[in-house]
Structures are given as structure tokens and as C-alpha cells.
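Subject: Handing over the structure

Hello,

Here is the structure I promised to pass on to you. Please open it beside this message, and then read on for what turned up in it.

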Amino acid sequence: WTFRFAMGPMPGRAIAGRHGDLYLVSVGDAKLAPRLVRELTGETIAAVAAGNGRTLAVSGGGTALAVTHGAPQLDSLDGEIAQVAFGGSHTAALTRDGRVFGVGDGADGQLGNGGRKPAESMTPVRALAQREVVQVACAASHTLALTQQGDVYCWGRGFEGQLGLGEDRLVAPAPRCISSLRGVRQVAAGGAHSVAVTAEGGAYTWGSGLCGQLGVGRCTRRAKPTRVEGLPAIVASACGTNHTVLLDGAGAIHSCGMTLVSALGEQAKCFAPERFTLPPQEGRIAEIAASGDVTVLRSEAGRVFVWEGSDRLRRVDALASVTVELVGTSGSCVLAFAPLRIASASPPCAPLAGGTGLVLRGSGFCSSGEALVRFVHEPTGSTRLVTGAFSEGMVSDGSVERLLCVEAPSFDAEGPGEVIVAVAIADADFTPHCFRVRYYEEPALIDIFPRAAPIGGGTELVVRAMATVAGDAALFESRAACGSWFGEEGKGHLLASAPAELHSSFKGPRPRRLNLGHQAGPGAVRVVSPTVGSAAMCAFSIAMDGQTFAKSRLPFRFYEAPRFTALAPSCAWVSAEGGATVVITSLSDLFASDDVLVRLKHKPPEPPEPEPEPEAAAEEGEGEGEGEGEGSGSGEGEGEGEEAADTPPPVPPPPPLPPPPSLPEDYEATLEARCGKEVAFRMPPTGGEGALSLEVAMNGVDFESVPLELNVYARLSLKSISPSLGPSIGGTTLQLHGDGLRDAPGLCALFVAGGRREVVEARFDAERGCAVCETPPWEMGPAGGDVIIEASLNGQEWTVSCHHFRYHECVISAVEPDFGPLAGGTEVLLRGSGLLEDGPTPRVRFTRARGEEGGEESIVVDGALCDEGISLRTPAFEDSAESFAATLAVALSNNDFVPVTLPADQSPPDTEEGGPPADDATAEGADAAPGAAAAEPARVAGAFRYEGK
């Protein structure tokens, strides 16, 4: 006792059969999983019929097609059937020429043949032979027929008033016209009630009303049609056993009776219609069907929804990929018909040259065979007909989907635009619902950023292309678009691929090297780089259809993440304009790139280490004291005077300046960098002291951490140097005092004179609070030995204090006399040049070797400047009884002793003339003199010989 009605053409002769798929859904299935009725594949479907647990379909050729149950009695009407309706125990059929037939139980006259006997074959309802019937509806024990003129005829059981003929009509074995109804456009029949919808939108009900199914208030029954008040214009109706559903022109339903399912999912008797709509995203209701206590809805978008008893509304999700246009229900199952239709094309686009393999998905496709596919170029109307082949494919859930494969034809002459695709099977017409495929010009790629990516993948790339001839975007949204990388700089095999999506709102950073040279189109495509096995130089291209790659290709590099290991310098000064150039070295090979960026961030100081326990600290102190005591005795008496003299007294550091401000905690700077074999960048303004962490992006996007830190210090200010004099041979220990000096790997001093610059390493003496370095050897020029000294923490940023250091060069030409007693006191004159008249008191060091004991012994005495040189008295070496030679060294400033060397031709007095015997070392030096170069006479060590007793 069910009836299906769809907004649109009236049932019957106006419905033409179409190819498509018929699905059967069990209402009791929790997942509402549909089953394709494969037995009907390839058949054309004109209508569906369901009721009382039975279902069938009517073919376009007028034949009844069994679904869940056969209907052999209908075979006699093959080729003529337009509609079938199922009652409780009888069936009614409507032919294409408007005749009505009945079969089954006739005890209540429901067959309409004038008797109350059953019929085992189709029996015509002769009373309606002269009427043009357009619809039939069956209830449990009565039948309704609607004529083309809008009249309603009824027959069968009428005890509950369901015939609408009045109180006295209990059974009508032959059709009777309900005279109170005129202009009816659709009828429906329930268990023991009936509904009629007029052309003006009025809804009339009659029959049993115990459950409220009439919608006219509380009543037992109504024997004549009664209008349901308070409703908008109704266009269709459907009846279950004890409920009624009315569909209005706005796509909402109004239901009443038993098994009403409200928004809360509650079951109750409702005596007045209650309005219900689908969720906004599902759209309007276009079709209704009911049977038993089940209601089925179809939305305008072709989605199917089921109500059963008190259950909530459920959508048949598995049918969301097809567009259903007919539904029906037997109370235990749902019939859903999706006509032949293209739901999607993959890819959704093709180049003008064609050749793209299109895979069409939809409903109504056969599992094998061929179909004719029509391509119509919408802007010009040009048409191409191509033969496609049906096939099957496996989907992720294990089910099989049917596909139609076809090669896209060429529309090169017509130009880009939308192309309408339709399909036809056998001799049927092309599908009225078509699908559009976009034909496009091949894009000319001009830019990709970044131009490189790590081999680990995940980098967002943005690709741009030239605009089309018409000025449109050459890159557009396409589900099939993909970017691909080809090895050997584009000449090799396919290396990797990744999906591409439209990225027209791209506003990311652009590399400074960008110079397109052409006008870029308005659109951009976003691609995420894939994972590849190793570093490679390759070429990138894009295929909007996922198959046909653009001929223009862009160079691209996959690289391994660099392993940075060194940073030079590791510190820089606080500066408002920056300046220092920092170089980062990597163990792995780098590559030349104009897109390299360096990011600096403030690095918070690490928390201080906890102080050791008092007992542990005491034990550590005791151990240190013991070690020092044990080692202090070594070398006792050796060079004591020299050590005391070589160590200048500590100079108190100047008072410190107020500390500079610290780096802001949120400090961050991103800098452009140069990259060849190393990464180099110029320090930006910082504005405060602190530590900076570093990150490097070889492609300007993917930053890699550098496991080193860069320290920013206050600007140096050199206050003083000590000493300010030193010999030209270098080696003077120089102390640099100033503000901002500290221990740093790049701590150094700069010596400048004229065009000569020399940098020497320095170390920081924490005890004295100064930097310490040794003066380099310096060649004395015509202007003398005056140099300027500056300091730096990183070898790049120097002080501008202009502190002067003076080099001097003392040359001793003779020692007169060069021998004397062990008791000392001999007046000796050291003749020489380059002596400092305004300098400090000269000092002379006498050094002798201890012989078998090993080691040396030195005595330093003060000298006096005179016109000829330096005069002095020799010190005493009384503890020695043997004669020996003591080497001489002169210090004109501080403790910078310079060994005395004499010309090789100066010989000590001969022993035969009464002079002391020559020392072995002196003799050896004299013997070597003849081999010296003539340009610069050889010199030998100057010595003073002490005579033994």
C-alpha cells in the first residue's frame, strides 16, 4: 500500500525509461549499505513499485522487472505496463493506454471487477474502460484510481470510511467516483485511509483516523474527504500503515499519525501535521515514499534519507556519490534508481592538443562494452564524438566501481574553454545531465620559489607561469594537477611527483634574484616537495591534468641538510649599524645559492650550575694545595732573577663603564647571506649584549639550526698599552687595557705603520683584566719604529684608540774588555748604535751554563748610557773556580733582552800575547766567519770571559 511520487512529470505514459543503476537498501541494516541490482544492469528503468514487502521495477519497454519478488502474473502485460501498485494481498497495474488491471485476493472487492472472488491472472477493471487513468494506488484492502480529468475512483473495503463515499458504503466491488473531489493531481492510500492532493495544493484525507493519520484532529474515522487546514500548497503525498506524509512546494514535509518522527526522534500519535525540513546543507526535499512505518525522502541533490519507526533520520551515505532520481519503499527495504549520469571526470581538464586519458565515473555504467561520448566545445559549439570503453576498478573499501575510459579529443583550433561531455549507451539518447571538462593552453612556467628543497621533503613551493594569450591565469584549480621532478636536469627519468593546488593568494617572500622578464599570470600553484633518496640537480615541470607535462621546465635542486660545525668570528660588537662579516662552515658540501637566509634569535642564558657542597669544596681545595706544593720545588735557583724581571707588575684596570643594555628577549632578525663553500652574512644592528642562536635556510625557507652561538658584546675601547717600547725582533709581552675586553676566540691585536698591517693573536688575562700578546718582529724603516696598536674581539671590528708603540733596534759592535775575574767589578764598555737617549736605564744580562749540573744562571745589572755606548761593571760569579764565558743580552726597555752579537772578524786577544785563552764557543764562532755572506757580515754571540783562579 505504498506510492511514490516525484515532483515533475506525472507517472504513467509520460515517464520514459532510462539506463541507470537500481540499488536495494535494507532498512534493518545499521549502515544502510546499498546493493546494486546487477540483474538489471543495462535495462532501462521507467518506474519503481514497492509495498507489502514486495518490490519491482518497470522498464522503459513496459515490462515488469522483479527485484526482490517475481510477478509472473504481470507477464501478460509485457510491453504495456506503465505503473504497478501493491496492496495487502492484491496488485494493480496501469497500462500505457490508461487501462487498469487487478490480480490477487478479491474478498473485499479490491480487484474492481464487480465480484469478490480472487483472480490468478490479470483481470481488467472494465468499469474504467472509458476513462483515461493516469495513476493507481493500493491500500490493505481498497484501491484508488486517478483519471486524466482529475476524478478519483475507489473500490474495495470501506468499513473505516476509506472509500470516501459516505457512511453507508461498506464495500464497493466496482469503481465508484468520489463526487466531492474535483481537480485532483495525485492520490495515495495507507492501511485504511486515503489521501488526495488537488491541483490548487489542497490536501484531503478520509478513512480511519484512530492514530491521527488524517491530520484533522482527534476522530475515529471520516467517511468523506476532509480538507487538512493550515497547510501551504501541497504537491505530493505518501501513506504508511498509520501515518501520512505531505510534501509542500517549498521542499518541506508535514507528517501526522503514528510513528511520527520528530526532531527529537520520538514516536507518538500526532493529530495535526508537523512540519519538518532537511538540514540546510542537504537542500530541499524533492520526493517522498512511505510504507508500513517507514518514510523515505529524496533531496533535490539526489541524496536518500530513511525514517523507520522511532529512529532518527538517517542518510544513505553510500549513495552520496550518485544522483538518485527515483525512490520507493516496501517497508522493509528501499529502492533507489540513479539514471545514467557522469558524476565526475578524472582529470577534470585536458590540454588543447587532447590526448589526455579521461576516466568518467557516475551511475548507469555497464561493466563491459562500449559507449559513445560526445564532447561539445561550449564557446564555439564544435562537437567531437569519441568511443569510450567500460571497465571496472577496485576502490579502497574493496568494492568494485564501474568506469568509462575515453581519450580527450583535440580542440586546438577552437581554443581554451569549457567542453560539455555527455554519454549514450546503445541507441539511447545522450544523458541530459552533462559534465564539463576544462580545456587549457599549455602553461609556460617562469618561476618556482624556492628553487631548492631538502631531500626529506615537506617544503612548500610556489610555481608561477606566464598569462595566457587572453590574459587569463595559465595555472588554475585542478584536482589532478601535479608537479614532477625529472633527473639529470630534465633529460632523465621521472624522479618524484607531488600534487599541486591553486595558490592564487600567495604573498610569501620573494628571492632577491627574481627577475621574471615576463608578465606573470594572476594565479600560482602550490606544491609540497616530496622525499627523495639523495641530493640531485633536476628539472621541475607541471601537468594540470596529471598526465601532460609542460614543455617549459625550471631548474631545481634537492640537497642534504648541511652540518654546520664552525663559526668565525663567534662574537661581534653591539652596533647601531652592524658590520662584522660572520662565516659559517659546514662539513657537508654546500652549493651556490642567492636565496640563502640566516635567522638570528635571542638565546636566553643557561641557568647557573649548582654550587658544590661545602665538604666537597674543602676536599678539592686541599688537593689543589698539595699538588702545588709538590711542584713548586722544581727548577729552584734557575732563572730566578730573570723570572722576577720578566714579569711586569700588574697594572690596575681602569674603572668599568656602566654595562650596555641586554638583547631584547624577542629579538629576531632574518638576513640575506652569500653562499659558496661557506655561508657568510653581515651582522645586523643588535642594540644590546647577549647570545644569539643561528639558523640557516639554504633555500630561503627551510631553516636548519647551527649548533653554535654568536655572542654580542659592548664595543671595545682601548685605554692603555704597557709597555710602549720594544725591540724590533719582537717578542715583547704587551698588555692591552680597556673597556669591553674579555676572553674570546677571536681576541687579537693589530699593528699598523704606513701601509703595513699585522694581526697577532692575544689571550685574555683574567687576573689582570687585560689582553696579552707578543709584539711581532718589525723591520725598521726610514721613519723609525713607531706603530699604532688596536684591539678586536673577532678580527674584524677594531678599536680606534690610536695607541702608539715604539720599536727600537740596538746593535752592539764591540765588548771592551771582553774578559775579567770571577769576582766581577770589571768596567766594561759595550760599543753600539740605536741606543735610546730618552729611554729608561739600560740593563745587561750575564748568563752562564752550569755544566754537568745542567741549566743556566743569569745575573742582571744596570748600565749607564755614554757617548760610546753602555758602560757597566761585571757581576761576580764567585762560586765557580773554573773559567767560563757568559753570554750577554741588552734590554733598553722593560725586560725585553736582546742577545748581543758581534761581527765575526772581532776576535778576542791571542793567548800568546798574554791574553786569556779563547773560549770554545768563541773560537767556533771565529772559525765560521770566513764562510759568511759578503753582503751582510756574519755575527757571533757576544760573550764576556770570566777567568778562573
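Although Leu32 is not a glycine, its phi is positive, at about 50°. Leu32 counts as buried because its relative accessibility is 2%, below the 20% cut-off. Please keep in mind throughout that this is a predicted model.

A second residue with a positive phi is Asn52, also not a glycine, with a value near 55°. Asn52 is found in the loop between β4 (44-51) and β5 (54-59). At 30% relative accessibility, Asn52 counts as partly exposed.

Now for the overall picture. The chain has 949 residues, and 49% of them are buried. Its secondary structure comprises three helices and 74 strands. Taking contacts between residues at least 6 apart in sequence, 61% join residues at least 24 apart. The chain exposes about 43,100 Å², of which carbon and sulfur atoms supply 49%.

Next, the interior. In soluble globular proteins, nonpolar side chains tend to be buried together. Here the largest nonpolar core has 30 residues, and those touching the most other members are Ile584, Leu600, Val679, Phe681, Met683, Val696 and Met698. Several strands give two or more residues to this core, among them β47 (581-586), β48 (597-603), β51 (679-682) and β52 (690-697).

Two prolines deserve a look. The peptide bond from Ser346 to Pro347 is cis, with omega near 0°, and Pro347 is in the loop between β29 (341-346) and β30 (349-351). The bond from Glu816 to Pro817 is cis as well, with omega near -20°. Pro817 belongs to the loop between β63 (811-816) and β64 (819-821).

What about the cysteines? The structure holds zero disulfides. For Cys239, the nearest cysteine sulfur is that of Cys256, 8.7 Å away. Cys239 is buried, with a relative accessible area of 1%, whereas Cys434, at 32% relative accessibility, counts as partly exposed.

Finally, the aromatic rings. The structure holds 17 aromatic pairs. In one of them, Phe276 and Trp307 are 4.6 Å apart centre to centre, with 55° between the planes, a tilted arrangement. This pair links distant parts of the chain: Phe276 is in strand β22 (residues 270-276) and Trp307 in strand β25 (residues 304-308), 31 residues apart. Both Phe276 and Trp307 are buried. Elsewhere, ring pairs link Phe846, Phe877, Phe884, Phe944 and Tyr946 into a cluster. Two arginines also lie over ring faces: Arg599 over Phe703, at 3.8 Å from the ring centre, and Arg756 over Trp778, at 3.8 Å from the ring centre.

Conventions: Residues are numbered from 1 along each chain as its sequence is written. This is a predicted model: local features need pLDDT of at least 70, side-chain atom pairs count only at pLDDT 80 or more; totals for chains, interfaces and linings use all residues. Side-chain values use heavy atoms; hydrogens and water are left out. A nonpolar core is a set of buried Ala, Val, Leu, Ile, Met, Phe, Trp, Tyr and Cys residues joined through side-chain atoms within 4.5 Å. Buried means under 20% relative accessible area, exposed over 50%, partly exposed in between (1.4 Å probe, protein chains only). Helices (H or I, at least four residues) and strands (E, at least two) are DSSP runs, numbered from the N terminus. Contact means heavy atoms within 4.5 Å. Accessible areas come from the Shrake-Rupley method with a 1.4 Å probe; for residues, only the protein chains shown count as cover. A disulfide is a pair of cysteine sulfur atoms within 2.5 Å. Rings of Phe, Tyr and Trp (its six-membered ring) pair if their centres lie within 6.5 Å; planes under 30 degrees apart count as stacked, over 60 as edge-to-face and the rest as tilted. A charge sits over a ring if NZ of Lys or CZ of Arg is within 6 Å of the ring centre and within 35 degrees of the ring normal.
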